[in-house]
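This report considers charged side chains in a predicted model. Please read it alongside the sequence and structure shown here.

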Amino acid sequence: MNKNKILKIAIDSPAAAGAGTIAKAISKHYNLCYLDTGKIYRMIAFFHLKYPKKFNYNFINKKIRSLKLNDLQNKYFLSDEVGIHASKIAKQKKIRDLVHKYQVNIAYNPPKKFKGSCLDGRDITYKIIPDADIKFFITANIKTRALRRYKELKSLKKKISYSEVLKSIKKRDKSDFQRKISPLKKTKDSLLINTSNLTKRACFLKIKKIIDRKINN
Ligand code: C5P
């Protein structure tokens, strides 16, 4: 790989497959700017739920224009309710177009202190960074994903049962895989990583090996 070029990593994955955890660790290791694109849709969904009267195209446009990466760390974006609403909001072309520009800018022009970018979401490998240096499709079986999300929500003191989490992940899978605009899919040039039986460390090492091979070529 050309040493003067920035490194761009694209990841797509269904809900709670562990992509965020891996992407964060990889970004830290290679000094890449990490963007969890799901958080942007969650933020918009949160605003829709919280300020239904104020919510319109201009309101969202303004929020996106002034959006700082740190703004996405809001713990209220993490709830199951916001996640489900985000997958409804994410079906709207107008909303996706607004978010698109922001994501492309981070992917191709990350702040100077970084050596590249790493984005995860649903349409990153074919819509946002179609020419990414490395593409991954990260998944895990549905029960493993539901259990991981359940534990995460419990650690945030959210009142929710495992079966509710399972149901909501199934609902989101259906919506994300089957929607007409920017559906979740594994592109031919994405490497499939199944995290069902892998520890976080094992996942990290597996992906690191692939990236190192690419960088040193
Ligand atoms: O990644 P996360 O589960 O937080 O995303 C919440 C929702 O946002 C997803 O279920 C999906 O509908 C939507 N999303 C999307 N495109 C992305 C990232 C997330 O449509 N690139």
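## Positive patch

The patch itself lies on the surface, where K88, K91, K167, K171 and K174 gather. Among these lysines, K167 is found in helix α8, and K167 counts as exposed because its relative accessibility is 65%, above the 50% cut-off for that class.

The structure holds ten salt bridges, one of which joins the side chains of R145 and D173 at 2.6 Å, N to O. Since R145 lies in helix α7 (residues 142-155) and D173 in helix α8, the pair ties together parts that are 28 residues apart in sequence. Both R145 and D173 are buried.

Another salt bridge brings together the side chains of R96 and D123, with an N to O distance of 3.0 Å. This pair links distant parts of the chain, with R96 in helix α5 (residues 93-108) and D123 in the loop between β3 (116-121) and α6 (124-128), 27 residues apart. R96 is buried, with a relative accessible area of 5%, and D123 is buried as well, at 3%.

## A further pair and a network

The side chains of K39 and D36 also meet in a salt bridge, at 3.6 Å from N to O. Here K39 is buried, its relative accessible area being 14%, whereas D36, at 23% relative accessibility, counts as partly exposed.

Finally, R122, D176 and R179 are linked in a network of salt bridges.

How values were computed: Residues are numbered from 1 along each chain as its sequence is written. This is a predicted model: local features need pLDDT of at least 70, side-chain atom pairs count only at pLDDT 80 or more; totals for chains, interfaces and linings use all residues. Side-chain values use heavy atoms; hydrogens and water are left out. Patches are made of residues with over 30% relative accessible area and no salt bridge: like charges are joined within 9 Å, nonpolar side chains (Val, Leu, Ile, Met, Phe, Trp, Tyr) within 5 Å. Accessible areas come from the Shrake-Rupley method with a 1.4 Å probe; for residues, only the protein chains shown count as cover. A salt bridge is a side-chain nitrogen of Lys or Arg within 4 Å of a carboxyl oxygen of Asp or Glu. Lys and Arg count as positive and Asp and Glu as negative; His and the chain ends are not counted. The place of a charge is taken as NZ of Lys, CZ of Arg, CG of Asp or CD of Glu. Helices (H or I, at least four residues) and strands (E, at least two) are DSSP runs, numbered from the N terminus. Buried means under 20% relative accessible area, exposed over 50%, partly exposed in between (1.4 Å probe, protein chains only).
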